[in-house]
Amino acid sequence: MGFFDRLKEGLSKTKKNFTEKVESLLKSFKQVDDELFEELEEVLVLSDVGVKTSQKIIENLKEKVKKEKISATEAVKELLKEEMLSIINLENKLSEKYPLIILMVGVNGVGKTTSIGKIANLLKSNGKKVLIAAADTFRAAAAEQLEIWAKRVGCDIIKHVEGSDPAAVVFDGIQAMRARKADVLIVDTAGRLHTKKNLIEELKKIDRVINQQMPEASKETLLVIDATTGQNALNQAKEFNQAVNISGIVLTKLDGTAKGGIIISICDELKIPVKFVGVGEKIDDLQYFNAKEFVDALFEN
């Protein structure tokens with residue numbers, strides 16, 4: 001199965017919750033009127049597109065319908081697809097300027113360790129030499145889990161004993177990156193609650209170490225969020241973005257949720273692109289996000 005087919009399959013719960021409701025709603029109306037828009041807005045909100053974004057989409061649809069004098073309800077579906085695509089189609093290419101340091105942030109339990117392994121695998125299959133730094137030194141199992149993934153992918157890991165200074169692990173990771181001529185260093189960070197001030201300070205310290213030791217490196221800060229948490233994921237993204245300036249989102253567990261609409265909400269409210277999306281447990285089930293494929297997969301029968 002190609003990734004598009006897996007995406008389509010992975011979106012089946014969201015399709016049931018969203019697309020099927022949209023289609024039956026449009027079929028039940030003979031003409032395009034305010035009542036149709038009201039009900040459509042409700043479907044959007046219930047699919048975790050969020051109140052603010054749903055209102056914005058409906059306003060834009062009303063405007064287009066009026067301007068283009070649209071009376072057929074089927075045409076509304078095409079306009080909705082266009083509207084959604086225009087929101088999520090942000091510039092989402094991962095930096096191709098090397099050396100590249102990727103900071104992975106996110107609360108515990110969202111699939112951060114797994115995502116690091118899968119991104120390392122993706123980059124390695126594209127011919128890049130990848131190193132992993134285990135800078136989550138607070139959770140006993142974090143480095144061990146990461147080591148399992150590093151072995152599986154076939155890349156080196158830099159780790160210290162539990163309780164070490166995370167910034168020191170990053171320092172050693174950068175030295176190893178230089179010595180081993182690696183293209184990419186992926187840094188795992190602690191996933192304690194995003195409201196904790198000390199975690200934010202720690203991330204800022206890691207940032208300083210990177211800027212001092214490898215100022216020439218390009219940098220990505222990717223926030224891993226679990227699609228199944230819906231609007232809670234948006235709140236996490238807001239918190240983290242205020243603290244560390246997120247450059248992209250890694251959205252995991254899209255196959256386990258009916259709340260795939262959260263992608264639209266995040267892109268609209270925060271203007272942060274989704275860079276990777278995960279639709280399964282396999283090592284190659286995390287791929288670069290393609291906005292057009294997402295909308296097509298969502299609406300394809």
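**Figure 1. Asn17 and its surroundings.** With a relative accessibility of 17%, Asn17 falls under the 20% limit and therefore counts as buried in this predicted model. Look for Asn17 in helix H2, which spans residues 12-17. Its side chain makes a polar contact of 3.1 Å with the side chain of Lys21. A polar atom of the Asn17 side chain also lies 3.5 Å from the backbone oxygen of Leu46. Once residues up to four places away in sequence are set aside, Asn17 touches Leu46, Ser47 and Ala258.

**Figure 2. Helix H1 and what it packs against.** Here we turn to helix H1, residues 3-10, whose buried residues are Phe3, Arg6, Leu7 and Gly10. These residues sit on the same side of H1, because the arc they cover around the axis is only 105 degrees. And which elements do the buried residues of H1 pack against? Their partners are H2, strand E7 (274-278), strand E8 (286-288) and helix H13 (291-299).

**Figure 3. Ile88 in the largest nonpolar core.** The largest nonpolar core holds 85 residues. Leu80, Ile88, Ile186 and Leu254 have the most contacts inside this core. Centre the view on Ile88 and, leaving aside neighbours within four places in sequence, you will find it in contact with Ile263, Ile264, Cys267, Phe289, Ala291, Phe294 and Val295.

**Figure 4. Two cysteines, Cys155 and Cys267.** Are these two residues buried or exposed? Cys155 has a relative accessible area of 9%, so it is buried. Cys267 is buried too, with a relative accessible area of 0%. Cys267 is also one of the contacts of Ile88 shown in the previous view. With a sulfur-to-sulfur cut-off of 2.5 Å, the count of disulfides comes to zero.

**Figure 5. The whole chain, for orientation.** Taken along the principal axes, the C-alpha atoms fill a box of roughly 65 × 40 × 35 Å. Of the 301 residues in the chain, 54% are buried. Among contacts with a separation of 6 or more, 77% are between residues 24 or more positions apart.

Conventions. Residues numbered from 1 in each chain as written. Predicted model: local features only at pLDDT ≥ 70, side-chain atom pairs only at ≥ 80, totals over all residues. Heavy atoms only, no water. Helix = DSSP H or I, 4+ residues; strand = E, 2+ residues; numbered from the N terminus. Buried < 20%, exposed > 50% of the residue type's maximum accessible area, 1.4 Å probe, protein only. Polar contact = N/O pair within 3.5 Å; in protein donor to acceptor, adjacent residues only side chain to side chain. Contact = heavy atoms within 4.5 Å. Arc of directions from axis to C-beta. Core = buried A, V, L, I, M, F, W, Y, C linked by side-chain atoms within 4.5 Å.
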